[in-house]
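This report describes selected side-chain contacts and charged surface features of one protein model. The sequence and structure are shown first.

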Amino acid sequence: MAKTLTKQDCINVIYGATVLGAGGGGSASGGMDLLNNYIKEHGEPELVMIPTSEMDPTAYAAVTAGMGSPVALKDKDFTPYGVNAYNALVDMAAGMGRKLSYALPVEMGGFNTFVPMLIAMMNKIPVIDADGAARAVPALDTLLLHVNGLDTSPLAMADQNNNRLTIELADPRDAGEAEVIGRNICVAFGMMAGLAGWMVTKEQIEAAIGNGTVTRAMKVGECMDKYKKEDTTQNFYDYLAANSELKAKGICRGKITKVETKTAGGFDYGTAIVAGEDGATYKVLFQNENLVIYKDDTVLMTVPDIISFYDIEAQIPLTNADTVEGQYVDIGIIEVDERWWKKGEDYINEIWKPYFANVEYTGKIVRYPD
């Protein structure tokens, strides 16, 4: 059933999507900046969100996101980047005889989940209660949209000045090539660009990608609000498990003792070390998103399941652009959407293998422990 989202609903989505973004997808502060800028210019938000069941089966939805370094995305108004990229894709769709009628989040994240919500409000169209990854991911070829067989191309990219570039691939499914082209354009745009693409129908969304995930993020945000008022003595992720339908577990509570980050080619790479109150040392490897978590020398879990940080003192979820030494945090894990396993674990391992290599992890996928 269609739902009109209020300001508080949007806030809950932003914070909940940051939890589900696994260290990526853009900071909650970035999403809140977009929301507050919209309110300043246009007043209280009224955003129509519809389930896939209510989509026109002949129309298309498309994703719009920020591409580039999460550090570069901080403290900038992304609104013109996103709107310009989406509108460039609308023009491309019309030239192909397609009706582009809906906005769709590319992934979970405080920033990237809210961008299409913002575009929906600016263009007065509905946003779809789904997203292209059911978490955040480091690259186009790690999206569920790609993993489960949907076309990447055509794509459109734009900057804040409405400099536009369109991308049409010889092989519409060659997300790796799109990633290479897009990253180079992103670097040319100063490490920040709007990206729109992945035009999909109702039938494709329901079969291939995470459905109901914006509502899921909103419920996580609601749960977080209750946690702040009721009980911050337990690990946030244990509270989330007990008070939501998510399969989640608290891994540790402790202090970040070291963060090493470098930015290259539009990505943030690094390692975060946490001294756990249980006496163990936890290490998280990331490429924009958290990819692997160790307890001492043992791998506890890897992507595509979700590794997430929560700042206990600031009472906010953290991305890897937010983490600094000295923060007192909860680390938790969350089971990812079941659509990640449609083609089998071996296939998914091959999808993530290049990104494991980027952070010098030589093992295979370790799934969420039952």
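Helices (H or I, at least four residues) and strands (E, at least two) are taken as DSSP runs, numbered from the N terminus. The model is predicted: local features need pLDDT of at least 70, side-chain atom pairs count only at pLDDT 80 or more, and totals for chains, interfaces and linings use all residues. Residues are numbered from 1 along each chain as its sequence is written, and side-chain values use heavy atoms, with hydrogens and water left out.

Gln287 belongs to strand E13 (residues 281–287). Its relative accessibility is 0%, so Gln287 counts as buried (buried is under 20% relative accessible area, exposed over 50%, partly exposed in between; 1.4 Å probe, protein chains only). The side chain of Gln287 makes a polar contact of 2.8 Å with that of Asn358. Such a contact is a pair of N or O atoms within 3.5 Å; within protein, one must be able to donate a hydrogen and the other to accept it, and residues adjacent in sequence count only if both atoms are side-chain atoms.

**Salt bridges**

With a salt bridge defined as a side-chain nitrogen of Lys or Arg within 4 Å of a carboxyl oxygen of Asp or Glu, the count comes to 12. Among them are the following pairs.

| Pair | N to O distance |
|---|---|
| Lys3 and Asp9 | 4.0 Å |
| Lys99 and Asp56 | 3.1 Å |
| Glu345 and Arg367 | 3.6 Å |

In the pair of Lys3 and Asp9, Lys3 is partly exposed at 35% relative accessibility, whereas Asp9 is buried at 11%.

Lys99 forms its salt bridge with Asp56. This pair links distant parts of the chain, 43 residues apart: Lys99 is in the loop between helix H4 (79–95) and strand E4 (100–104), and Asp56 in the loop between strand E2 (47–50) and strand E3 (60–68). Lys99 is partly exposed at 43%, and Asp56 is partly exposed at 25%.

Glu345 forms a salt bridge with Arg367. Here too distant parts of the chain are linked, 22 residues apart, with Glu345 in helix H11 (residues 345–358) and Arg367 in the segment after H11. Salt bridges that share partners also join Arg216, Asp337 and Arg339 into one network.

**A negative surface patch**

Asp151, Asp171, Asp174 and Glu177 form a negative surface patch. Patches are made of residues with over 30% relative accessible area and no salt bridge, like charges being joined within 9 Å. Asp174 lies in the loop between strand E8 (164–167) and helix H7 (175–188), and is partly exposed at 32%.

Definitions and conventions
Patches are made of residues with over 30% relative accessible area and no salt bridge: like charges are joined within 9 Å, nonpolar side chains (Val, Leu, Ile, Met, Phe, Trp, Tyr) within 5 Å. Accessible areas come from the Shrake-Rupley method with a 1.4 Å probe; for residues, only the protein chains shown count as cover. Lys and Arg count as positive and Asp and Glu as negative; His and the chain ends are not counted. The place of a charge is taken as NZ of Lys, CZ of Arg, CG of Asp or CD of Glu.
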